Amino acid sequence: MKSALVLGAGGFIGGHLVKRLKKEGFWVRGVDIKFNEHAETEADDFVIGDLRDQAFCRSVIDRNFDEVYQLAADMGGAGYIFTGEHDADIMHNSATINLNVADIAHKRNIKRTFYSSSACMYPAYNQEDPDNPNCAEGSAYPAAPDSEYGWEKLFSERLFLAYNRNHGLSNRVARYHNIFGPEGTWDGGKEKAPAAVCRKVASTKSGDAIEIWGDGLQTRSFLYVDECIEGTLRLTRSDFEGPVNIGSDEMVTINQLVDIVADIAGKKIEKNHIPGPTGVRGRNSDNQLIQEKLGWAPSQSLRAGLEKTYEWIEWQVRRNVA
Ligand code: NAD
């Protein structure tokens with residue numbers, strides 16, 4: 001039986017990845033500092049602990065797993081990453097985890113690892129035009145991410161690729177672009193735009209307004225979590241080390257995102273634009289490289305993913321009110 005290790009398995013993407021690996025017949029160990037708040041884990045073994053601690057990290061990477069997925073990070077939406085208040089923690093916590101994982105995976109002779117970088121590592125100067133952002137993989141340098149979260153991702157993707165070059169690690173690097181779906185953070189300050197919009201629409205009466213940070217004209221693309229997992233597995237099992245974008249290229253403004261969710265909910269929702277952290281002006285996944293290297297790219301519509309996500313978040317909102 002094949003075995004896999006999912007670091008960050010108590011998180012949103014990690015939880016979905018565990019489910020998928022179980023469906024494929026893997027024996028799975030999940031590791032996280034906490035359990036997933038939204039779903040029971042399907043991992044065969046789930047270990048709670050702090051991956052910043054080298055001894056703990058060594059104790060969970062204790063055998064020759066066929067696949068190791070490193071998704072653990074100090075992470076959140078714009079309300080967490082872009083305010084500046086958490087910069088030191090974000091950099092210290094995530095870099096420490098990655099330094100530990102890369103080195104221990106190498107010393108345990110793990111043959112295939114995966115690291116999730118982020119579109120936040122792309123230079124801010126290429127994302128000022130909301131209609132025409134450039135996020136092709138080759139546009140990463142000269143580096144100028146707009147957040148310390150992005151700088152840490154850039155450092156860590158280079159770290160894993162350096163272990164590939166110098167120590168024969170066989171790591172794959174993906175740059176995720178705004179992943180969303182059910183069983184993700186939807187309130188509390190770490191949620192991202194699709195979840196926040198779904199929550200606001202679900203808890204607002206038709207005809208009323210919801211608050212939107214900025215003018216809502218900033219553009220983004222959002223990828224449904226099942227497609228993210230599909231891309232992650234395809235990349236991990238391929239001969240291409242990356243970095244490669246895993247994202248949707250269906251770009252929308254935040255105002256359009258609200259309109260789609262309102263339409264799904266069957267509500268008329270007004271927008272009240274207020275000051276808030278918004279990040280870069282425009283961002284979209286460029287899928288040329290993934291198509292070329294893997295012969296595959298995400299294709300599901302944003303609306304299809306939002307329908308499933310809204311249904312789940314609306315249920316959470318109702319449960320919380322009851
Ligand atoms: P998440 O926050 O839901 O999951 C990350 C998990 O890491 C959490 O469960 C957290 O408890 C765990 N973790 C943090 N510090 C830890 C520690 N010291 N020891 C053990 N576990 C620890 O985030 P996610 O959305 O599932 O993202 C997974 C990965 O993908 C992260 O690396 C993230 O940066 C990256 N990513 C996500 C997105 C997205 O849109 N969700 C976009 C780009 C990149």
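Mentor: Phenylalanine 114 has 0% relative accessibility and counts as buried. The model is predicted, with local features needing pLDDT of at least 70 and side-chain atom pairs counted only at pLDDT 80 or more, while totals for chains, interfaces and linings use all residues. Residues are numbered from 1 along each chain as its sequence is written, and side-chain values use heavy atoms, without hydrogens and water.

Trainee: Why is tyrosine 69 called buried?

Mentor: Buried means under 20% relative accessible area (1.4 Å probe, protein chains only). Tyrosine 69 has 0%, so tyrosine 69 counts as buried.

Trainee: What makes the pair of tyrosine 69 and phenylalanine 114 tilted?

Mentor: Rings pair if their centres lie within 6.5 Å; planes under 30 degrees apart count as stacked, over 60 as edge-to-face and the rest as tilted. Here the centres are 5.9 Å apart and the planes at 45°, so the pair is tilted. The two residues are 45 apart in the chain, tyrosine 69 in strand 4 and phenylalanine 114 in strand 5. Ring pairs also bring Tyr176 into a cluster with Tyr69 and Phe114.

Trainee: How do you know that lysine 190 sits over the ring of tyrosine 80?

Mentor: The criterion is NZ of Lys or CZ of Arg within 6 Å of the ring centre and within 35 degrees of the ring normal. The charged end of lysine 190 is 4.4 Å from the centre of the tyrosine 80 ring and is placed over that ring.

How values were computed. Rings of Phe, Tyr and Trp (its six-membered ring) pair if their centres lie within 6.5 Å; planes under 30 degrees apart count as stacked, over 60 as edge-to-face and the rest as tilted. Helices (H or I, at least four residues) and strands (E, at least two) are DSSP runs, numbered from the N terminus. Buried means under 20% relative accessible area, exposed over 50%, partly exposed in between (1.4 Å probe, protein chains only).
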